[in-house]
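Please keep the sequence and the structure at hand while reading.

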Amino acid sequence: MSKSAWFMGGVVLLSWGADLALAQQQQGPVGGIYTCVDRNGRRLTADRPIPECLDREQRELSPSGMTRRQIGPSLTELERAALEAQKRKEVEEQARIVEERRRERVLVARYPNKAAHDVERAAAIQLVDDVTATAEKRITELKAERKKLDVEMEFYKKDPNKAPMTLRRKIGEVDDSLAEQQRFIAGQDQEKRRVHARFDTELAQLRKLWDAQRVPAVTPAASAASAGNAAGPGGPRY
């Protein structure tokens with residue numbers, strides 16, 4: 001073979017190889033393999049997404065068996081709505097936790113110790129006692145007024161119906177006011193119990209928060225150093 005013929009053949013061969021490589025690039029990568037485990041526990045494999053596994057995760061594999069991607073289940077409208085509802089519930093729960101942590105920080109800042117909490121409790125109870133004392137003072141005044149009206153009614157002891165209407169109306173008003181003040185005092189007794197219950201609940205929560213503050217945070221470095229000290233200069237013993 002002459003040199004010119006050999007050269008021409010080499011050029012043709014190189015040109016054909018380049019055309020083949022370009023055609024492969026235009027065709028794209030070789031198709032993947034899809035695999036999954038259906039609801040009956042069977043492992044299925046196909047060259048396209050598997051209809052039996054539309055409700056579950058599928059994997060697309062390369063020809064070498066490596067996972068190219070994971071395909072999530074195709075959800076129905078009802079399933080999608082349920083998933084969205086679950087996500088909303090998780091977001092709301094996270095927001096609730098964040099708000100609870102914020103309230104805990106505010107609570108600890110307001111009551112850094114039990115003494116501060118006791119002062120607040122005493123002030124709240126004192127407020128209820130002051131209101132109750134005012135009502136009791138009013139009851140004393142009403143009883144004194146009722147006693148004066150009873151003296152006036154002595155003139156009509158034999159026939160109370162002959163008493164003036166204004167006198168009888170005053171007696172009725174005083175009796176109604178006495179009953180109202182007595183009901184108010186009973187309500188203040190319940191309010192005092194509610195105040196104590198609220199502060200007791202707060203105190204139980206605060207004790208946990210105070211204890212958590214007193215526990216020092218252990219860093220990984222400190223933990224490793226502590227382990228090394230426990231092992232001694234000779235290192236760990238087995």
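## Salt bridges and surface features

Arg-103 and Glu-99 join their side chains in a salt bridge, at 3.2 Å from N to O; the term denotes a side-chain nitrogen of Lys or Arg within 4 Å of a carboxyl oxygen of Asp or Glu. Side chains of opposite charge can pair when their charged atoms come close. Both Arg-103 and Glu-99 belong to helix α2, where they stand 4 residues apart, about one turn of the helix. Helices (H or I, at least four residues) are DSSP runs, numbered from the N terminus.

The model is predicted: local features need pLDDT of at least 70 and side-chain atom pairs count only at pLDDT 80 or more, while totals for chains, interfaces and linings use all residues. Residues are numbered from 1 along each chain as its sequence is written, and side-chain values use heavy atoms, with hydrogens and water left out.

The structure holds 20 salt bridges.

| Pair | N to O separation | Spacing in helix α2 |
|---|---|---|
| Arg-103 and Glu-99 | 3.2 Å | 4 residues |
| Glu-93 and Arg-96 | 2.6 Å | 3 residues |
| Arg-96 and Glu-100 | 2.9 Å | 4 residues |

A network of salt bridges links Glu-93, Arg-96, Glu-100, Arg-101 and Glu-104.

Exposure is classed by relative accessible area: buried is under 20%, exposed over 50%, and partly exposed in between (1.4 Å probe, protein chains only). Arg-103 is exposed because its value is 55%, whereas Glu-99, at 29%, is partly exposed. Partly exposed also describes Glu-93 at 34%, Arg-96 at 42% and Glu-100 at 30%.

Apart from neighbours within four places in sequence, Glu-104 is in contact (heavy atoms within 4.5 Å) with Gln-205 and Leu-209.

Elsewhere, Leu-127, Val-131 and Phe-184 make up a nonpolar surface patch with about 250 Å² of accessible area together. Such patches consist of residues with over 30% relative accessible area and no salt bridge, with nonpolar side chains (Val, Leu, Ile, Met, Phe, Trp, Tyr) joined within 5 Å and like charges within 9 Å. Accessible areas come from the Shrake-Rupley method with a 1.4 Å probe; for residues, only the protein chains shown count as cover. Val-131 is located in helix α3, residues 114–153, and is partly exposed at 31%.

Key
Helices (H or I, at least four residues) and strands (E, at least two) are DSSP runs, numbered from the N terminus.
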